[in-house]
Amino acid sequence: MIRVSGISKSFGDVRAVRNVSFEAPDGKITGLLGPNGAGKSTTLRILYTVLRPDEGQATIDGRDVVEDSLAARQRIGALPHGAGLYPHLTARENIAYYARLCGVTKDRVDARVENLVNLLEIGDFADRKTKGFSQGQRTKVALARSLVHDPKNVILDEPSNGLDVMATRSLRELILRLKDDGRCVLFSSHVMQEVAALCDDIVIIANGRVAIDDSADGIRKRTGCEDLEDAFVRAIEMVEPT
Amino acid sequence: MRTLLTVFVKEVIDNFRDRRTLASALIMGPLFGPVLFAFVINLSIERSLDDVDRTMRLPVIGQDHAPNLVSYLRSHNIEVIDGPESPEEAVAAVTTGEHDVIVIIPASYGEQLAGAIPARVELISDQANTQADRDARRVRMALHSYSQEIAAIRLLARGVSPQVLRPINVDEVDVSTPSGRSAILLGMMSYFFIFALLMGGMYLAIDTTAGERERGSLEPLLSLPVTRDQLMLGKIVATCVFMAVSLMLSLCSFYVALRFMPLEQLGMTPNFGPDVVIAAFLVLSPFILLGASLMTLVASFTKSYKEAQTWLSVVLVAPTLPILIVSILTLRPKLEFMFVPSLSQHLLLVDMIKNEPVNLTHVAISVSSTLAIGALLTWICARLYRREGLLG
């Protein structure tokens, strides 16, 4: 369960996020939708604690991301945008490294890695060095890596970026599986169709502000647009740039 | 502690897999010193041998006018050969570099000598040419001593002791030992050791911040439920280990290289046995923590791998500065110097190579002050790793 209330973040004069609030419940997929530069990544980075909010509060299962960041991180699996792997290590070693860092005991590391290799169906290339992996392979390994400590909340920043149709499809199945496990999944995207196909709740962000927070049907109703893309554009227009 | 160990093991494996980087760190660094050194030493041996043993060919014009002088020169390992015909040609030959030195004995030589008038001998050389100047000096010395001999004979013939011409006799006593003399040349060794040490960990230090950031692996790493201090410390420890290995390799390669350098011919016997190798390692090892944390610190301010490389090359050269200043001013080891990292290690090392007793107070200050600065820099690194600006 991720709860965000009134967070703001500025970089110098640029106000990246302004008074953003939303909730992402367990067992649901919440999509953070918005054009490039809307503040999606900044919001997510605050949630997985690499940035501190200037104002407001965010909690992961009740743990404050600033005050209790270690406990909050314990409950998050994060896949940052363009997450990189260690090119000289194999996929398995990359995952095992994170497992050990997260405190998985020595005798259970192999089993845990094997588990994730099967879950993400990366067995074919798990023992190859990750140098030269395709974007799809890399994303899957990075995702497996972020799940080593079996987090209740999963945050994915534009996970489908640069993936082909097949890879996108298998990623979508994976996200649904995470939801079925009862996890809270929060992911960002700038593709309306993708979000609509997957999400139970959609938070549309533009200019650092929340434009609409509703289900796909709710958004259609409130914007008065049948077509989701039109609804998206309409919602963004509702937030006047200042 | 577990986290630290995990990071450490991963960094070591990662670095070992990167063959090219490893090669440059652990082969280039330690070998650079000995190779350069062997080159310089052999060159200077060649040169000094040159001076004494080489038979020099000297064109002399008018040899018939001074047969005694010519045979004197020959007995001093100077082979007298026929030169150009005239003095004008001789000047031209020296100017063009055809000959380095030419001696002209005028026809009046014999007459002047017999009349006890200073007999004129001309020596043509180009003093701007250092190579030629050494030959000219040799000829000048030979002519001078020949002149002295004649003077002595003349005085004796008049019943005067030649000693009246030597009111003062200077006896030089050189207190330098073969080990001491080698310290002058081998003083630069200490820099090679520090260079090798830093090279060994440079790539890892870059990788810790700039490298991870550029690869995009820093952000996922920082979002793990792990304290950042431990991540940073694990990386610094790994950097330290690579620096230590590189330092040891460098010391050993010097040890081997010195066996093959004919240093005795230069009047040097450096005190650089296995015991000194170990002592030198111990004296230099506090610098490892300082080097690792300094490099990590500098790299954390840079935006990219390339920028980090540029800045770290500056760090590679920085430790020479105090060594250079002290060498130029030829300062003796003082207590205050022991507070300066790199300089204190250099001075202690020079003492060891000279086979002089090493002042234990100096060692204690050098070790503790270098470690203290290293610890301070490590602490700053850990602080910086907590900044959000780290992500760039």
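This is a predicted model: local features need pLDDT of at least 70, side-chain atom pairs count only at pLDDT 80 or more; totals for chains, interfaces and linings use all residues.
## Overall form of chain A

Chain A contains 9 helices and 10 strands. For its 242 residues, a compact globule would have a radius of gyration near 18 Å, and the value for chain A is 18 Å, so the two agree. The C-alpha trace of chain A spans about 55 × 40 × 35 Å along its principal axes.

Of the residues of chain A, 49% count as buried. Where contacts in chain A join residues at least 6 apart in sequence, 68% of them are between residues at least 24 apart.

## Overall form of chain B

Chain B has 16 helices and 4 strands. Its radius of gyration is 31 Å, whereas the globule rule gives 21 Å for 392 residues; chain B is therefore more spread out than a compact globule. Taken along the principal axes, the box filled by the C-alpha atoms of chain B is roughly 105 × 45 × 30 Å.

Buried residues account for 37% of the 392 residues in chain B. Of the contacts in chain B with a separation of 6 or more, 74% are between residues 24 or more positions apart.

## Domains

In chain A, the domain assignment gives domain 1 as 1-75 + 155-242 and domain 2 as 81-150. The C-alpha centres of these two domains of chain A are 25 Å apart. Their contact involves 12 residues from domain 1 of chain A and 8 residues from domain 2 of chain A. On the domain 1 side, helix 6 (residues 165-180) of chain A gives the most, with 4 residues. That side of domain 1 of chain A has 5 nonpolar, 4 polar and 3 charged residues.

In chain B, the domain assignment gives domain 1 as 2-40 + 179-391 and domain 2 as 52-165. Over C-alpha atoms, the centres of domain 1 and domain 2 of chain B are separated by 56 Å.

## The sheet of chain B

Chain B holds an open sheet of 4 strands in the order 2-1-3-4, with mixed pairing. Strand 2 (78-82) and strand 4 (122-125) of chain B are at the edges; each has a single partner strand, so one side of each has no neighbour in the sheet. From one strand to the next, the twist averages 30°.

Strand 1 (residues 56-61) and strand 2 of chain B run parallel and are joined by 5 bridges. Within this pair, Met56(B) has Ile78(B) in strand 2 of chain B as its bridge partner. Helix 6 (residues 130-157) of chain B packs on the sheet and touches strand 1, strand 2, strand 3 (101-104) and strand 4 of chain B. The direction of helix 6 of chain B makes about 165° with that of strand 4 of chain B. Helix 3 (residues 67-75) of chain B lies across strand 1 and strand 2 of chain B, at about 135° to strand 2 of chain B.

## Arg75 of chain A

Arg75(A) sits in the loop between helix 2 (69-74) and strand 6 (76-79) of chain A. Arg75(A) counts as buried because 20 other C-beta atoms lie within 10 Å, and the cut-off for a buried residue is 20 or more.

Leaving aside residues up to four places away in sequence, Arg75(A) touches Ile60(A), Asp61(A), Arg63(A), Pro151(A), Lys152(A) and Asn153(A). Lys152(A) is 77 residues from Arg75(A) along the chain, yet their C-alpha atoms are separated by 5.6 Å.

## Helix 15 of chain B

Helix 15 (residues 343-353) of chain B has 10 of its 11 residues buried, so it is largely enclosed by the rest of the structure. The buried residues of helix 15 of chain B include Leu343(B), Ser344(B), Gln345(B), His346(B), Leu347(B) and Met352(B). Just after helix 15 of chain B, Asn355(B) has a positive phi of about 65°.

Conventions. Residues are numbered from 1 along each chain as its sequence is written. Chains are lettered from A and ligands numbered from 1 in the order in which they are written. Two strands pair if DSSP finds at least two bridges between them. Helices (H or I, at least four residues) and strands (E, at least two) are DSSP runs, numbered from the N terminus. Axes are lines fitted to C-alpha atoms, for helices over the stretch in contact, and angles run from 0 to 180 degrees between N-to-C directions. Two residues are in contact if their C-beta atoms, placed from the backbone, lie within 7 Å. Domain bounds come from an automatic or database domain assignment. Ala, Val, Leu, Ile, Met, Phe, Trp, Tyr, Cys and Pro count as nonpolar, Asp, Glu, Lys and Arg as charged, and the others, Gly among them, as polar. The radius of gyration is taken over C-alpha atoms; the globule rule is 2.2 Å times the number of residues to the power 0.38. A residue is buried if 20 or more other C-beta atoms lie within 10 Å of its own, exposed if 12 or fewer, and partly exposed in between; C-beta atoms are placed from the backbone.
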